[in-house]
Amino acid sequence: MVELQHYKCDIGRTTYEKYENGELNIRISVLVALREIYDCKYDDFFEGLVAERIDS
């Protein structure tokens with residue numbers, strides 16, 4: 001979490017836990033920072049997720 005502060009993403013432990021548990025949508029700025037910290041592709045964050053289809 002300290003590393004996120006270097007990217008001006010000052011979030012608390014509770015918020016981070018909610019991101020991990022899928023209880024809260026992650027802000028783009030945090031996603032960008034995490035990508036830099038973990039040196040990965042954006043696709044890595046979404047691996048295994050399936051979009052829900054909304055029929056109208």
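Okay, helices first: here a helix is a DSSP run of H or I with at least four residues, a strand is a run of E with at least two, and both are numbered from the N terminus. With that in place, Lys8 lies in the loop between helix H1 (2–6) and H2.

Quick housekeeping. This is a predicted model, where local features need pLDDT of at least 70 and side-chain atom pairs count only at pLDDT 80 or more, while totals for chains, interfaces and linings use all residues. Residues are numbered from 1 along each chain as its sequence is written, and side-chain values use heavy atoms, with hydrogens and water left out.

Back to Lys8. I call a residue buried under 20% relative accessible area, exposed over 50%, and partly exposed in between, using a 1.4 Å probe and protein chains only. Lys8 has 78%, so Lys8 is exposed. Gln5, over in helix H1, is partly exposed because its relative accessible area is 45%. From Gln5 to Val30 we have 25 residues in sequence and 9.9 Å in space, C-alpha to C-alpha.

Now the pocket. A bit of method: on a 1 Å grid over the protein atoms alone, a cavity is a set of points where a 1.4 Å probe fits but cannot get out, and a pocket is an open set with protein on both sides within 12 Å along at least five of seven lines; lining residues have an atom within 4 Å of a point. Points are joined across faces, edges and corners, and the volume is the space filled by probe spheres set on them.

The largest pocket comes out at about 390 Å³. It has 13 lining residues, and the closest to its centre are Tyr19, Glu20, Leu24, Ile26 and Phe45. Helix H2 (13–21), helix H3 (28–38) and helix H4 (42–46) are the elements that give two or more residues to that lining. Which element gives the largest share of the lining? That's H3, with 4 residues. By class, the lining has 10 nonpolar, 2 polar and 1 charged residues; nonpolar here means Ala, Val, Leu, Ile, Met, Phe, Trp, Tyr, Cys and Pro, charged means Asp, Glu, Lys and Arg, and the others, Gly among them, are polar.

Ile26 sits in the loop between H2 and H3. At 32% relative accessibility, Ile26 counts as partly exposed. Ile26 and Thr15 are 11 residues apart in sequence, with their C-alpha atoms 9.1 Å apart.

On to Arg35. Say a salt bridge is a side-chain nitrogen of Lys or Arg within 4 Å of a carboxyl oxygen of Asp or Glu. That rule gives 1 salt bridge: Arg35 with Glu36, closest N and O atoms 3.1 Å apart. Glu36 is partly exposed at 42%, and Arg35 is partly exposed at 27%.

Arg35 also lies over the face of Tyr42, 4.9 Å from the ring centre. The test is NZ of Lys or CZ of Arg within 6 Å of the ring centre and within 35 degrees of the ring normal. Tyr42 belongs to helix H4 and is partly exposed at 35%.

Last one, Asp39, in the loop between H3 and H4. Most residues other than glycine have a negative phi. Asp39 is not a glycine, yet its phi is positive, about 50°. At 72% relative accessibility, Asp39 is exposed.
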